[in-house]
Amino acid sequence: MNICVVGTGYVGLVTGAVFADLGNDVVCVDKDRDKIAALKAGRLPIYEPGLEEMVLRNAGDSRLSFTSDLGVGIRHADVIFIAVGTPPKDTGETDLSHVESVAAEIGRSMDRYKVVVNKSTVPVGTGGFVREVIARHQLRPIEFDVVSNPEFLREGSAIEDTLRPDRIVIGAPTQQVAMTLVELYAPLERPMIITDLPSAEVIKYASNAFLAAKISFINAISNICEAAGADVTQVMKGMGLDSRIGGAFLQAGLGYGGSCFPKDVDSLIHTAGRLGYDFKLLRSVAEINRERAAHLVETMAKALGPLDDTTIAVLGLAFKPNTDDMREAKSLEVIQLLRKAGAHIRAYDPAAMDNARALLPTVTFSASPYEAAEGAHAAVLVTEWNEFRYLNLERLRGQLKRPVIFDGRNLWEPERMRRLGFEYYSVGRKPVLPT
Ligand code: NAD
């Protein structure tokens, strides 16, 4: 099939590479000329395990090409995927301006029947909006269909998630239109849900909001555990083994960040309001999540005393492990609060430091976790990279001025930290205090 993917971000580039790998002829389009120039030169604008090899292989075999000319991509394709960003506005509402401008260009450049597929996360009703924008910009009437095919990939395992998704959701106006996508996805042999457009759009938000709710729920429980002397990791195990509940997304910590959950939760709250429903439950989910960074910094201030003029080593900056994505990363909130309290920050992240530099101008970046910890008054773990799981903790202890660690993700076992001589504070578990 001839495919155009608009937007070469985390979703678009992975989608384009996987479709090319399945034998389709794919043109990836982005308005960012630097990104396109880099991709043409074989350099990837993002870090995603396995992506570089797949992109280079398919580009080498001429199944995958890149352009900043949207018209070229549109005329090439029978199926056009819109995978551009849908950032939040200040009100929480989704900014659809990128989707709108792509839809307008699709209308202008359309030369024959097309299936236009919305892969970006968009509020319910956007399928109809895209249809209206395309029709309004057509130079002459040409038939087309709009389909919703929301994306569920996770950064850090995006290739695997795209090759083996739990389900593929296709919201189409007719069965016949849905079949175009069924055919495209058939080689993956994964379960498909074929439904109407609005239902597909709601499935995406309902799924993300539900996962966010699980995270906030266990974080609220962790507050109770801290106050009551219980251990949230035991509570989580006891809950998660119940097959009706499941253990996924039940890890207590600093809460959710990233480019999806925070904005999707806010967007669904906003959409609900627009439709006349006050989504109180979801407002609480967001509120609990907002409190997490402050809760950690309060724990730090209680343990260390005034943070003024202290040096804190921050381990992990990306919003989660295995990505360089800093969007809505909890590290930004933690560092801002620490800076406000007068602390100096030395930080290390295995992949996100290049992206973090522009966002954190007052932070000193270190070449290793040990360098970050050198002479620091404490270390705080913000992102649970595997590299940190296997740190030489004795060496880290030797670098710190005072052997105290705040673990925002419950990465280490308190008993081990006690044996290693650390003062150790984690989430929803009893602290390991100095003897
Ligand atoms: P991104 O910001 O990484 O990439 C979006 C790309 O679109 C950018 O490269 C930008 O230059 C390009 N773009 C914007 N306007 C354009 C235009 N008019 N023409 C051509 N290119 C244009 O975003 P992303 O993380 O890939 O997310 C894309 C969508 O997928 C969003 O709606 C997001 O909510 C959704 N989503 C993201 C993830 C994720 O993990 N990142 C997962 C599921 C769904």
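Where in the chain is the place of glutamate 384? In this predicted model, glutamate 384 belongs to the loop that runs between β12 (378–381) and α16 (386–389). Its relative accessible area is 26%, and the residue is therefore classed as partly exposed, since that class covers the range between the 20% limit for buried and the 50% limit for exposed residues. When residues up to four places away in sequence are not counted, glutamate 384 touches Pro321, Arg389, Arg409 and Leu411. Tryptophan 412 is 28 residues from glutamate 384 in sequence, and the C-alpha atoms of the two are 9.8 Å apart in space.

The chain as a whole contains 18 helices and 14 strands. Its radius of gyration is 23 Å, close to the 22 Å that the globule rule gives for 435 residues, so the chain is as compact as a globular protein of that length. Along the principal axes, the C-alpha atoms fill a box of roughly 80 × 50 × 40 Å. Of the 435 residues in the chain, 53% are buried. Among contacts with a separation of 6 or more, 71% are made by residues 24 or more positions apart.

Rolling a probe the size of a water molecule over the atoms shows where empty space is left. The structure holds 1 cavity of 30 Å³ or more. The volume of the largest cavity is about 40 Å³. Its lining is formed by Ser120, Thr121, Val122, Ser148, Pro150, Glu201, Lys204 and Tyr205. Sorted by class, this lining has 3 nonpolar, 3 polar and 2 charged residues. Helix α9 (residues 197–228) provides the largest share of the lining, with 3 residues.

One of the residues lining the largest cavity is serine 148, which is placed in strand β6 (residues 144–148). Serine 148 has a relative accessible area of 4% and is therefore buried, the limit for this class being under 20%. With neighbours within four places in sequence left aside, the contacts of serine 148 are Asn118, Val169, Ile170, Gly171, Leu197, Ala200 and Glu201. Glu201, one of these contacts, is also among the residues that line the largest cavity.

Backbone angles were considered for two loop residues. Glutamate 189 is located in the loop between α8 (175–185) and β8 (192–195). Its phi is near 55°, a positive value in a residue other than glycine. The relative accessible area of glutamate 189 is 69%, so this residue is exposed. Aspartate 309 is found in the loop between α12 (280–304) and β9 (311–315). Although aspartate 309 is not a glycine, its phi is positive, at about 65°. Aspartate 309 is exposed because its relative accessible area is 56%, and the exposed class begins over 50%.

Terms used. Residues numbered from 1 in each chain as written. Predicted model: local features only at pLDDT ≥ 70, side-chain atom pairs only at ≥ 80, totals over all residues. Heavy atoms only, no water. 1 Å grid on protein atoms, 1.4 Å probe; cavity = no way out; pocket = protein on both sides within 12 Å on 5 of 7 lines; lining within 4 Å. Points joined across faces, edges and corners; volume = space filled by probe spheres on them. Helix = DSSP H or I, 4+ residues; strand = E, 2+ residues; numbered from the N terminus. Nonpolar A, V, L, I, M, F, W, Y, C, P; charged D, E, K, R; others polar. Rg over C-alpha atoms; globule rule 2.2 N^0.38 Å. Buried < 20%, exposed > 50% of the residue type's maximum accessible area, 1.4 Å probe, protein only. Contact = heavy atoms within 4.5 Å.
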